[in-house]
Amino acid sequence: MLKNYSVTSRPVANLSQPVLLKVGIALNQIIDLDEKNQVMLSSIWLRLSWKDEFFHWNESEYQGLKEIRMPTSEIWKPDLTLYNDVREEERPLDRYSAVIYPDGTVFWLFPVILKSYCKLDVTYFPYDQQNCPFKFGSWGYHGFQLDVTNRSVSGDMSSFIDNGEWELVDIPVRRHEIYYGCCPEPYPDVTFYVIIKRRSLYYIFNIVLPCILIVSIALVAFYLPPESGEKVSLVITVLLALTVFMLLIAEIMPPQSEVVPLIGQYFVGAISLLSLSTALTVFVMNLHYSGNHGRPVPNWLRKLTFHWIARIVCMTKIVKRKMQVHPVCQLENGNVSPKKKSPKKPKKRQKKSDILAKISDGITLSPQPTLSPIRAPSSLSNGGICCGMANNIGGGIEETNNLLNQILTHITYLGATAADYRMLRGVESEWHLVAIIIDRLLLMIFALMTLILTLFFLCFQPSYEYSVD
């Protein structure tokens, strides 16, 4: 049976006929998928069968011998090669024996760990599916010498060990004939497409949910009072935290510029929202402190915020209550307008002397020294005595008028200062109210945008249709 047998010659009687090699695999385990280097390490059971025309016997002549096992080093075996192999060393397979049947059929089953290149499509990460091919073919024989074909329409998944990160979907197989530039003959190959789906729970729980919570914390900045002085710093801190998570994702993803991952799009959208919220927070703080210089709120802004926006954000009652405390403006038929004083009839202008006289009548002066009667010289007449008393009384009245003038001046100044202070406080209160209303509007807008962005990311379910031809 082994007479004149050569392990280097194709086992065919007619050299013009090719050896038919059937290839099949059973995927046992996905050991690792290095996404950054796009390399998959897997354990498979390779199943090869071909017919050796020099191995055949009659079972009856050998006591019903139905099969024999021989080391592959003593028989011819095909030079089957994994085209997308990235290993530097070759693992010897001679220790695994082949089973030979009476009709010359050789069945060689052996386990092997493959390290193959797998181009990743991370468009929908972490909801992605990957298609990792195993391309088997002969390296030294062309199609007219060794015809490679598949044993079945798909790979065997019955012995697959579940992986914590990847779920095995299917292993379709296709046969191809390719003409290379080196040779005119065709080179057939059999390609097994290992389609795996990522289990996204790990990434959602450890990366996505913390990012969603961080983005949600940024909404608190619109509810934080501007007086705290921490609005801008809070948004910037959240922005830096989100950038750190984005760097963690960048370390996992392969360095490619073909597509932007779905989670990368989510991070870009979240960072854009945070950047915009930072700018709007600065704008709101500028509105809050605009009343410090006494500049009143423009009529268009007052009407826009107190009438339209206040209704949208349900703050009409707050506006009315603020206007009662600081009545710089008032509501008329639901519209906000500057408060106007009711017209009064013009009063007759009084003279200053009359005002002073009225004030002097109501003020009790301190007692003056008692004037003792002065006996006039006999030489003076009654008219001289009256003239002297009038001069004394006139001097006291003039001193009283000066004192009253000073009191009136201080009272007028204090009244004007109090009015200016009340007006300034009213203007500041108006600007504060404008800032609060706009802050509440931005809170609602950004909360809605964040919700839409988050729901789109969490509820997105991509549909895959792989072409394996």
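**Why these labels?**

Guide: Of the contacts in the protein with a separation of 6 or more, 77% join residues 24 or more positions apart. A contact means heavy atoms within 4.5 Å. The model is predicted, so local features need pLDDT of at least 70 and side-chain atom pairs count only at pLDDT 80 or more, while totals for chains, interfaces and linings use all residues. Residues are numbered from 1 along each chain as its sequence is written, and side-chain values use heavy atoms, with hydrogens and water left out.

Visitor: How many helices and strands does the protein have?

Guide: Seven helices and 13 strands. Both are DSSP runs, numbered from the N terminus: helices are H or I with at least four residues, strands are E with at least two.

Visitor: Why is Ser49 called buried?

Guide: Its relative accessible area is 9%. Buried means under 20%, exposed over 50%, and partly exposed in between (1.4 Å probe, protein chains only). Ser49 is therefore buried. Buried residues make up 37% of the 469 residues in the protein.

Visitor: Where is Ser49, and which residues does Ser49 touch?

Guide: Ser49 is in strand E2 (residues 39–51). Not counting residues up to four places away in sequence, Ser49 touches Leu20, Leu21, Lys22, Val106, Phe107 and Arg151.

Visitor: What makes the Ser49 and Arg151 side chains a polar contact?

Guide: The two side chains come to 3.1 Å. A polar contact is a pair of N or O atoms within 3.5 Å; within protein, one must be able to donate a hydrogen and the other to accept it, and residues adjacent in sequence count only if both atoms are side-chain atoms. The 3.1 Å value is within that limit, so the pair counts.

Visitor: How do you know that Glu67 forms a salt bridge with Arg69?

Guide: Their closest N and O atoms are 3.5 Å apart. A salt bridge is a side-chain nitrogen of Lys or Arg within 4 Å of a carboxyl oxygen of Asp or Glu. The pair therefore qualifies. Side chains of opposite charge can pair when their charged atoms come close.

Visitor: How many salt bridges does the structure hold?

Guide: The structure holds 10. One of them joins Arg87 and Asp85 at 3.3 Å, N to O. Asp85 is partly exposed at 25%. Glu35, Asp128, Glu165 and Arg198 are linked in a network of salt bridges.

Visitor: What makes Glu430 and Arg302 a salt bridge?

Guide: The closest N and O atoms are 2.8 Å apart, so the pair meets the definition. The pair links distant parts of the chain: Glu430 lies in helix H7 (residues 382–459), Arg302 in helix H4 (residues 299–312), 128 residues apart. Both Glu430 and Arg302 are buried.

Visitor: Which residues make the nonpolar surface patch?

Guide: Leu201, Phe205 and Leu209 make a patch of about 340 Å². Patches are made of residues with over 30% relative accessible area and no salt bridge; like charges are joined within 9 Å, nonpolar side chains (Val, Leu, Ile, Met, Phe, Trp, Tyr) within 5 Å. Areas come from the Shrake-Rupley method with a 1.4 Å probe; for residues, only the protein chains shown count as cover.

Visitor: Why is Leu209 called partly exposed?

Guide: Leu209 has 37% relative accessibility, so partly exposed is the label. Leu209 sits in helix H1 (residues 201–218).
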